[in-house]
Amino acid sequence: MVENGTLIEKIEKHPRIWCTVAAIITLICIAGGVFLFAVRPCFKASDIEKAPYFGHVKGEITEHFADEDFEIRNSFCRYIPTGNDYFYRICTEDGAWIIVRGDKNEDLSVGKKIEGRVRKFSDDEMKYLADTYAQNDVCYVDLTWKRLAVWQIISGLLMALAIFLGASMIKGKITSESKIRQAAEIVFCALPFPFAAIWIYLLCHL
């Protein structure tokens, strides 16, 4: 019988490559989430289409036109459902009518202050909006940006934990005779699954 070896035993054959790749992924995830919080150039709702990639819009709701609210179902590779996106048509204090993405039954009462990241609809989404709702909006304001940023950071922390466990086992700090070795290997092998689940969700909502 041929033994394939455990995951950590396979990684031990090329530890530098694995550590480098894992560290890069960790940095990208955490830095991306932190960047969303740290870099927030603000624009008026009336200038939404001029906002850069990380631009934000702040404003106060003066009206909510519920007749033009809609939702879009998301899926990964068309087979894995990842939830719905909910969009609402509102007017801000500068008289601009814009679409915002929020949670289901988002509180959009008059006078509420909002802040969100400016996003652009994909070509497929714009075609869907034009065909289904006769809407020609290019941009929207994402009120869920904080949650998405937090999930990015969490995914980076999961990868950082994998690096810590992997390095501890490779360097012998958690030896094969250690009582926690088996638990460490189980956690190490399980971490890619929540990481992948988070990014399947994020890829459909970012």
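Thr26 is in contact (heavy atoms within 4.5 Å) with Gly156, Met159, Ala160 and Ile163, leaving aside its neighbours within four places in sequence. Thr26 has its place in helix α2; helices (H or I, at least four residues) and strands (E, at least two) are DSSP runs, numbered from the N terminus. With a relative accessible area of 10%, Thr26 is buried, where buried means under 20% relative accessible area, exposed over 50%, and partly exposed in between (1.4 Å probe, protein chains only).

This is a predicted model, in which local features need pLDDT of at least 70 and side-chain atom pairs count only at pLDDT 80 or more, while totals for chains, interfaces and linings use all residues. Residues are numbered from 1 along each chain as its sequence is written, and side-chain values use heavy atoms, with hydrogens and water left out.

- In soluble globular proteins, nonpolar side chains tend to be buried together.
- Leu165 is in contact with Ile174, Ala184, Val187, Phe188 and Leu191, when its neighbours within four places in sequence are left aside.

**Packing of α5 and α6**

- Two packed helices are described by the angle between their axes and the distance between the axes.
- The angle between α5 and α6 is about 20°, and their axes are 5 Å apart; axes are lines fitted to C-alpha atoms, for helices over the stretch in contact, and angles run from 0 to 180 degrees between N-to-C directions.
- Helix α5 is therefore roughly parallel to α6, given that angles under 35 degrees count as roughly parallel, over 145 as roughly antiparallel, 65 to 115 as roughly perpendicular and the rest as oblique.
- Phe188, Cys189 and Ala190 of α5 make the contact with Pro192, Phe193 and Pro194 of α6.
- The residues of this contact comprise 6 nonpolar, no polar and no charged; Ala, Val, Leu, Ile, Met, Phe, Trp, Tyr, Cys and Pro count as nonpolar, Asp, Glu, Lys and Arg as charged, and the others, Gly among them, as polar.

**Salt bridges**

- Side chains of opposite charge can pair when their charged atoms come close.
- The structure contains 11 salt bridges, each being a side-chain nitrogen of Lys or Arg within 4 Å of a carboxyl oxygen of Asp or Glu.
- One of them joins Glu68 and Arg89, whose closest N and O atoms are 2.9 Å apart.
- This pair links distant parts of the chain, 21 residues apart: Glu68 lies in the loop between β2 (56-64) and β3 (70-76), and Arg89 in strand β4 (residues 80-92).
- Glu68 counts as partly exposed because its relative accessibility is 28%, whereas Arg89, at 9%, counts as buried.
- Arg89 also meets Asp137 in a salt bridge (2.8 Å, N to O).
- Asp137 lies in the loop between α3 (123-133) and β7 (139-142), 48 residues apart from Arg89, and both residues are buried.
- In the salt bridge of Asp131 with Lys127, the closest N and O atoms are 2.9 Å apart.
- Both Asp131 and Lys127 belong to helix α3, 4 residues apart, or about one turn of the helix, and both are exposed.

- Thr92 has its place in strand β4 and is buried, with a relative accessible area of 2%.
- Leaving aside neighbours within four places in sequence, Thr92 is in contact with Ala45, Glu60, Thr62 and Ile98.

**Positive phi values in loops**

- Asn105 has a phi near 60°, a positive value in a residue other than glycine.
- The loop between β5 (97-102) and β6 (113-120) holds Asn105, which is exposed at a relative accessible area of 68%.
- Ala134, a residue other than glycine, likewise has a positive phi, near 55°.
- Ala134 is placed in the loop between α3 and β7 and counts as exposed, at 69% relative accessibility.
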